[in-house]
Amino acid sequence: MARILVLGAGFAGLWAAIGAARKRHELGKSRRDAEILVVERNPYHNIRVRNYEVDLSDAAIPLAELLDPIGVDYKVAEVAAIDPARQDVVLATSRGREVLRYDRLVLTLGSELVRPAIAGLAANSFDVDTYQAAVRLSDHLAALGGQAASPGRATVVVVGAGFTGIEVATEMPAKCAKAGITDSRIILVDPNPVVGATIGDHGRPAISEALTALAVETRLGVKVSAVDARGVTLDSGEFIPAQTLVWCAGMAANPLASTLAAEHDRLGRIEVDQFMRAKSLRNVFAAGDIASCLIDGAHSTVMSCQFARPMGRFAGHNVVADLFDEPMLPLFIDWYVTVLDLGGWGALYTVGWDRKVHSTGAAAKVTKQTINHKRIYPPRNGNREALFDAAAPTIQAPPVTRAASTS
Ligand SMILES: Cc1cc2nc3c(=O)[nH]c(=O)nc-3n(C[C@H](O)[C@H](O)[C@H](O)COP(=O)(O)OP(=O)(O)OC[C@H]3O[C@@H](n4cnc5c(N)ncnc54)[C@H](O)[C@@H]3O)c2cc1C
């Protein structure tokens, strides 16, 4: 029996596993011909893009609900090492070390937040990179909400004014209010001279309007130089009393990618071809944030669920096709959009690689909520055909919006 090993069950890994099971079924093969085994450190699929939201319910879906109906096995374990020459993977499990051999590997271990070596940062910061981290932040705010006033109790410093930091900062007034912090003060810090430097110029007026409407302060052109339990020191010399710091600056590919003798880009991602085959690694496919490819022949994929999900579907389809000598399908997506949540103000929907504004405010917010709560969810009725249909190697149309105008 051949084994397809899928490492990670995020947006790329989950859809690779379902896509592989779909193709296996389509070819009339069973798990006796090809076992599909997912290894994931958590027993759930995290809808990671929702980790900044006030309400985290249903952001972690049990893997058994999604994988049992389609005949895909999974192990909850930590991937410790990958050896493409021997075609095996070392796991650290609760019972010790385990080695799993594979015939084909699908590498979908995602990305991680990068924390620089700033004094006190590791011990005194929060993030929303994982579901566990998001729950920890919510619990911390709830604890503060139950306390008497003290310096910095109601102040949240968010570091990094890119996509994630802006979403965290604009959602934070509502998150604090839910936690019982009624006098919250939110401060967004970034070393760039403008907010959303990585997002581009077109959307900045909408972002600025939202920050002003939500009374989110900014400190731009400055870096964090030290953090302790009392607050945050900036390299401008300012000390901000704050009992909550949320670090949102910088992402890199999962560190296991750097252990592989593959071609890496500046984010540590492994380069894959249009079939999601890792260049220079035999029998290895990769998808999602750990991989990069030219998605339209000109632009490299951006770390996003927008690309991770189709990359996963195609990797799953192709890994089974490759195993059984069937033709593979190339992935090509000729559209790119971003939909940035701006909390109580609404959202910002941009189109194209130059991120021109398509809609803002309440209209874009409806689109954002549809994406976060419907579009990127797997079917949850335990129906095998529904799961297979959702994993077909096709390209979705861009998300629709109620109106191409403001609010
Ligand atoms: C707060 C937030 C908001 C975001 N908003 C958006 C957005 O609006 N739009 C958008 O397109 N993208 C957004 N993103 C980015 C998006 O979430 C990622 O691009 C996407 O999750 C990538 O999918 P992936 O499967 O490659 O990685 P992940 O979804 O991170 O999945 C990787 C999986 O591998 C597992 N794993 C990692 N290492 C190991 C190991 N050693 N052993 C075992 N398991 C392991 C992890 O537990 C995880 O389940 C956002 C991200 C965050 C954090």
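Among contacts in the chain between residues at least 6 apart in sequence, what share joins residues at least 24 apart? It's 66%, with a contact meaning heavy atoms within 4.5 Å.

Before you click around: this is a predicted model, where local features need pLDDT of at least 70 and side-chain atom pairs count only at pLDDT 80 or more, while totals for chains, interfaces and linings use all residues. Residues are numbered from 1 along each chain as its sequence is written, and side-chain values use heavy atoms, leaving out hydrogens and water.

Start with the whole chain as a cartoon. You'll find eight helices and 24 strands, taken from DSSP runs (H or I, at least four residues, for helices; E, at least two, for strands) and numbered from the N terminus. The C-alpha trace spans about 65 × 50 × 40 Å along its principal axes.

Next, show side chains for the polar contacts (pairs of N or O atoms within 3.5 Å). In Arg48, a side-chain N or O atom sits 2.8 Å from a ligand oxygen. Asn254 puts a polar side-chain atom 2.9 Å from a ligand nitrogen, and Asn42 has one 3.5 Å from a ligand oxygen.

Technical notes
Polar contact = N/O pair within 3.5 Å; in protein donor to acceptor, adjacent residues only side chain to side chain.
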